[in-house]
Amino acid sequence: VCARPPATIHHPLFLTDSVMPPTPAAPPAWLSTWMSAGAALFFLLMLSVPSGYSVGGGVLLLGGLAVWWASRRPGRQHPGTEHKPGAQAPAPWTAEDRTLCVLLLAIFAVNALAVLWHGDSGKYLDQGTRYLLAVPILAGLRRIRLRLDWLACGLALGLFATAGVAAWQTLGIGIARATGFVTSAIQFSDMALTLAFWCLMGAALAAFGRRWGWTALLLAGSLAGLYAMMAAATRGSLVALPILLVLAAIALLRRAHLRPLLAGIAILAAAAAIALSTLPIGHIAESRYAAALDEWHAYTQQGDATNNVGSRLEAWKAALISIPERPLLGWGHEQYDAHLQELIEAGRVAPFVGTLANTHNQFVEIWLHQGGLGLISFLALLIVSFWYFCRRLRSPVPAVRVLACCGAALPSAFAAYGLTQVILGRNNGVMFFLVSLAVLWAAMRQAEQDAAAPAQL
């Protein structure tokens with residue numbers, strides 16, 4: 001008597017290889033080239049041409065949507081996606097990827113809800129929609145293979161061009177503080193410092209692998225970025241420096257790496273000392289930092305809220321008075337303007353606050369206009385992304401450690417920058433943050449997969 005073959009069990013807990021659902025198709029190979037070029041263009045043009053971030057960001061968005069379209073039919077094989085020796089397929093989608101996408105969507109949803117609830121103008125959805133558009137960019141980058149050499153080249157060349165813009169503005173046409181093409185010396189300085197740090201970390205990684213040509217290129221790019229930062233003479237950027245140094249120390253300090261690290265530090269210190277002592281930007285930066293102390297004393301001792309430091313502190317005071325009155329979704333922009341005038345007339349805050357465009361603090365600004373829901377969703381993205389990167393800071397793989405350090409530097413540095421300005425309140429700032437987050441996350445996960453590939457053979 002022949003036994004009847006067992007019935008196939010289709011419950012998800014009992015799926016076997018023969019009944020597993022088909023996996024999404026790998027996107028065609030040209031999309032990896034497209035997305036890699038978009039990432040390189042983003043960093044190349046970010047600070048060196050007007051609205052340069054729109055070019056790379058647009059290329060990445062189109063590429064992300066194309067990756068989704070190409071992958072939506074399970075099991076379909078595209079030309080050029082066949083396995084090649086030494087070329088690993090992208091790592092599978094994970095809970096970390098999904099969490100990041102959910103947090104991005106949550107920030108967009110809270111922003112849209114607040115705008116609708118307050119009846120604000122549609123222009124206040126502008127930055128919020130960038131979080132929505134970042135989702136296909138992140139998803140697309142996780143499905144293709146990034147060309148990290150293109151990325152490094154775009155980063156270094158972009159900083160050379162940025163330094164050229166800073167030199168032209170300060171030495172050529174006589175602008176006191178370089179602003180680049182992002183309309184603010186503060187934004188220009190913050191992003192130049194962040195890019196310079198990433199370039200420096202890339203130079204360290206290249207030195208570990210004895211790739212001296214790349215080391216020289218990336219180290220020179222880092223020096224160019226530091227020059228641009230000093231040319232902007234912005235004080236707020238320095239708040240992030242201790243954070244960046246701690247992250248770099250955790251990721252790089254190994255006995256075997258000590259000699260190249262000390263050599264790189266000596267070169268950077270010597271170049272910075274020469275720039276500060278011989279170039280006009282050194283004297284401008286020194287006077288700016290000395291003025292901050294005078295402004296602090298003028299506000300605390302004389303109540304002067306008309307200088308840079310005093311006006312910021314008075315704006316925070318006005319916001320913190322108002323937030324408890326509407327803690328859930330905050331104040332609409334027009335509502336708050338009217339309320340602020342009432343506070344001024346009552347003598348509770350200085351009249352100069354009424355002339356300011358915003359609160360000059362990213363956290364206070366979100367809390368004020370989107371309430372506790374907005375602040376919680378924003379803090380969740382910063383903390384979760386920072387934690388995901390920090391988990392890899394002690395990886396045995398140098399490339400993973402360096403990319404994790406660059407990634408962790410992004411939310412932590414932007415948190416520091418946000419203490420004295422609304423850095424994500426402009427398109428250049430929010431685009432820089434979101435696209436960089438997607439690129440660094442995808443690059444680090446790719447490096448992890450490449451390191452694990454030999455063990456799977």
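Tutor: Contact here means heavy atoms within 4.5 Å. This is a predicted model: local features need pLDDT of at least 70, side-chain atom pairs count only at pLDDT 80 or more, and totals for chains, interfaces and linings use all residues. Residues are numbered from 1 along each chain as its sequence is written, and side-chain values use heavy atoms, without hydrogens and water.

Student: What does leucine 381 touch?

Tutor: Leu100, Leu103, Leu104, Ile107, Tyr131, Phe433 and Leu437, with neighbours within four places in sequence left aside.

Student: Which residues touch the most other members of the largest nonpolar core?

Tutor: Tyr131, Leu141, Trp198, Met201, Leu381, Phe432 and Val439, out of 101 residues. A nonpolar core is a set of buried Ala, Val, Leu, Ile, Met, Phe, Trp, Tyr and Cys residues joined through side-chain atoms within 4.5 Å. Buried means under 20% relative accessible area, exposed over 50%, partly exposed in between (1.4 Å probe, protein chains only).

Student: Which helix gives the most to this core?

Tutor: H15, residues 427-452, with 15 residues. Helices are DSSP runs (H or I, at least four residues), numbered from the N terminus. Another core, of 13 residues, lies apart and includes Ile323 and Val364.

Student: New topic. Is glutamine 362 buried or exposed?

Tutor: Glutamine 362 is buried, at 5% relative accessible area. Helix H13 (residues 362-390) holds this glutamine.

Student: Which backbone nitrogen lies 3.2 Å from a polar atom of its side chain?

Tutor: That of isoleucine 423. Beyond four places in sequence, glutamine 362 also touches others, including Phe378, Gly418 and Gly425.

Note on methods: Helices (H or I, at least four residues) and strands (E, at least two) are DSSP runs, numbered from the N terminus. A polar contact is a pair of N or O atoms within 3.5 Å; within protein, one must be able to donate a hydrogen and the other to accept it, and residues adjacent in sequence count only if both atoms are side-chain atoms.
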